[in-house]
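Here's a quick tour of one chain, written for someone who likes to know the cut-offs behind the words. Have a look at the model first, then read on.

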Amino acid sequence: MEIIKVNGISKNYKDIKALKNVSLTIKKGELYGLLGVNGAGKTTLIKILTGLCKATSGDAIVDGHPLSEMQEIKKIVDVSPQETAVAGNLTVLENLKFFQELYGTVDKEYLEEILDKIGLSEVRRQRAKTLSGGYQRRLSIAIALMSKPEILFLDEPTLGLDVIARRELWKIINDFKGKITIILTSHYLEEIEALCDRISILSKGNLLMEGTIPEIKERTNETSFEEAFIKVVGGMENE
């Protein structure tokens, strides 16, 4: 069952065409990857789907709602942005309680469940600004989950983390697979390959290919996903 259907979305910033007639589908419960080098259009697409900016043309249907019904869409989506969005002087627990009250979703049992699943129980009374980068990213994701979203956008969730912290976060993200729909952007090819059910490859605002990792390897006649990605993107990036 499709939960997101993007229909020919374009986005222009004056002379810059950030997205060019992009169409794709995301299934309910899927962990879907948006992949591409800097400037590919990944973050722009997320901003459009979450109401942070408007498409120049095209539309999308999110759980039955067109983009013109963004107030309804916002009830079921949330975002963990590239920049860790936490209140540094509040403790982990205070951050989560604050956002539950903000969203109107106060639920102590659910809060405790997320603390446990995200691996934050042991630092629950620690101020957010004293947390390591990995724990701050966990807290950012936990905050996004406080609204009990059906769709969660993770924009570069492991950016800047060391390999151990990144792998720990992979496990946390993977544990939510099938329970909510997750749209993940990342520059780490091994991360996309390890986590995602299906992916889209974007370059310079164009959607170049969509499918599973094995399908993309087969279409490019490559056994390595890295080589497949380079083959798909290489020609476009050299234009």
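## The second largest pocket

The second largest pocket comes in at about 180 Å³, in a predicted model where local features need pLDDT of at least 70, side-chain atom pairs count only at pLDDT 80 or more, and totals for chains, interfaces and linings use all residues. A pocket here comes from a 1 Å grid over the protein atoms alone: it is an open set of points where a 1.4 Å probe fits, with protein on both sides within 12 Å along at least five of seven lines, and lining residues have an atom within 4 Å of a point. Grid points are joined across faces, edges and corners, and the volume is the space filled by probe spheres set on the points. Residues are numbered from 1 along each chain as its sequence is written, and side-chain values use heavy atoms, with hydrogens and water left out.

Its lining has 14 residues, with Asn38, Gly39, Ala40, Lys42 and Thr43 nearest the centre. Sorted by class, that gives four nonpolar, seven polar and three charged; Ala, Val, Leu, Ile, Met, Phe, Trp, Tyr, Cys and Pro count as nonpolar, Asp, Glu, Lys and Arg as charged, and the others, Gly among them, as polar. Helix 1 is the top contributor to this lining, with three residues.

## Helix 1

Helices (H or I, at least four residues) and strands (E, at least two) are DSSP runs, numbered from the N terminus. Helix 1 is largely enclosed by the rest of the structure, because six of its eight residues are buried. "Buried" means under 20% relative accessible area, "exposed" over 50%, and "partly exposed" in between, using a 1.4 Å probe and protein chains only. The buried ones are Lys42, Thr44, Leu45, Ile46, Ile48 and Leu49.

Take threonine 44, which sits in helix 1 and has a relative accessible area of 13%. Which residues does threonine 44 touch, not counting those up to four places away in sequence? They are Lys11, Tyr13, Ala18, Leu19 and Cys53, where contact means heavy atoms within 4.5 Å. Just past the helix, glycine 51 takes a positive phi of about 85 degrees.

## The largest pocket

The largest pocket has a volume of about 260 Å³ and 17 lining residues. Leu52, Asp78, Val79, Pro81 and Ala85 lie nearest its centre. Helix 1 (42-49), strand 6 (77-80), helix 3 (92-103) and helix 5 each give two or more residues to the lining.

## Nonpolar cores

A nonpolar core is a set of buried Ala, Val, Leu, Ile, Met, Phe, Trp, Tyr and Cys residues joined through side-chain atoms within 4.5 Å. The largest one has 48 residues, and Leu96, Ile118, Leu145 and Ile199 have the most contacts inside it. Helix 5 (residues 133-145) gives the most to this core, with six residues. Apart from it lies another core, of 27 residues, including Val22, Ile151, Phe153 and Leu202.

As for isoleucine 118, leave aside its neighbours within four places in sequence and you find contacts with Arg138, Ile141, Ala142, Leu145, Ile172 and Phe176.

## Strands and a hairpin

An open sheet of four strands runs in the order 2-1-4-5, with antiparallel pairing; strands pair if DSSP finds at least two bridges between them. Strand 2 (16-27) and strand 5 (65-66) are the edges, each pairing on one side only. Strand 1 (residues 2-13) is joined to strand 2 by eight bridges, and isoleucine 9 stands opposite valine 22 in strand 2.

Elsewhere, strand 9 (residues 198-203) and strand 10 (residues 206-211) run antiparallel with five bridges. They form a hairpin with two residues between them, and serine 203 has asparagine 206 as its bridge partner.

## Loop residues to check

Most residues other than glycine have a negative phi. Lysine 204, in the loop between strand 9 and strand 10, has a positive one near 50 degrees and is partly exposed at 30% relative accessible area. Aspartate 63, in the loop between strand 4 (57-62) and strand 5, also has a positive phi near 50 degrees; its relative accessible area is 27%, which is partly exposed.

Aspartate 107 lies in the loop between helix 3 and helix 4 (108-118) and is partly exposed, at 23%. Leaving aside neighbours within four places in sequence, aspartate 107 is in contact with Gln100 and Lys148.
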